[in-house]
Amino acid sequence: MERGTVMKLKGRVINGGRVQGEAIVLDTPFSFIGDFDPNTGKLTIAGHPLFGESISKKVLVCPTGKGGTIAPFVAYHALKNGTAPAAILCQVADPILCESDLAINIPVLDRFDVNLFEHIRTGQIVSIKDDEVTVS
C-alpha cells in the first residue's frame with residue numbers, strides 16, 4: 001500500500017467498538033500467556049523479531065490466538081495496568097482469544113475479506129468502526 005493511501009477492510013465482528021491505533025503485526029498465533037508481559041505490555045516471544053515491542057494501546061494483528069483458560073485473567077491484569085492492546089484483528093479468532101478480548105471489552109474482528117498480512121504493516125494507523133477497518 002502506497003503512502004497516503006487509505007484501504008477499507010471488512011471483517012466479522014466478535015466484539016465491537018470504535019478505536020484507532022498503531023498496528024503491530026505479529027506473524028504467529030498470539031497468547032496472553034507467555035507471549036506477553038501484562039506489567040509492561042511488551043511481547044516476550046523469545047527469538048521473534050518483535051521481542052520487546054509493546055502492544056499496549058496498539059491494534060494487534062495476528063493469524064489466530066492460542067493459550068489456556070487463564071488468558072482472560074492475564075488480559076484483565078493488562079487492562080488494569082493500562083498495557084492491554086486497543087484491539088485485535090486476526091484471520092481466524094480462536095475461543096480463548098475471543099474470551100480474553102471480551103473479558104477486557106476491546107474490539108476483536110476476524111474473517112476478513114482479504115489477507116490481513118498483505119494489507120497491514122506494523123506502524124500503520126488502523127481505525128476500527130464496527131465492522132469496518134480503515135488502514136492508512
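Predicted model: local features only at pLDDT ≥ 70, side-chain atom pairs only at ≥ 80, totals over all residues.
Local features are taken at pLDDT of at least 70 and side-chain atom pairs only at pLDDT 80 or more, whereas totals for chains, interfaces and linings use all residues. Residues are numbered from 1 along each chain as its sequence is written, and side-chain values use heavy atoms, with hydrogens and water left out.

The model contains an open sheet of eight strands with mixed pairing, in the order β1-β10-β9-β3-β6-β7-β8-β2; strands (E, at least two residues) and helices (H or I, at least four) are DSSP runs, numbered from the N terminus, and two strands pair if DSSP finds at least two bridges between them. At the edges are β1 (7-10) and β2 (12-15), each of which pairs on one side only. The twist averages 30° from one strand to the next. Strand β2 pairs with β8 (residues 108-110) in the antiparallel sense over three bridges, and Asp110 in β8 is the bridge partner of Arg12.

Helix α2 lies across β2, β6 (59-62), β7 (87-90) and β8, and runs at about 60° to β2, where contact means heavy atoms within 4.5 Å and angles, from 0 to 180 degrees, are taken between the N-to-C directions of axes fitted to C-alpha atoms, for helices over the stretch in contact. Glu99 belongs to this helix, which spans residues 95-104, and is partly exposed at a relative accessible area of 40% (buried means under 20%, exposed over 50%, and partly exposed in between, with a 1.4 Å probe and protein chains only).

The structure holds six salt bridges, each defined as a side-chain nitrogen of Lys or Arg within 4 Å of a carboxyl oxygen of Asp or Glu. The side chains of Arg12 and Asp110 form one of them, at 2.7 Å from N to O, and this pair links strands β2 and β8 across 98 residues. Arg12 is partly exposed at 34% relative accessibility, whereas Asp110 is buried at 0%. Salt bridges that share partners also join Lys8, Lys10, Asp131 and Glu132 into one network. Within this group, the closest N and O atoms of Asp131 and Lys10 are 3.7 Å apart, while those of Glu132 and Lys10 are 4.0 Å apart.
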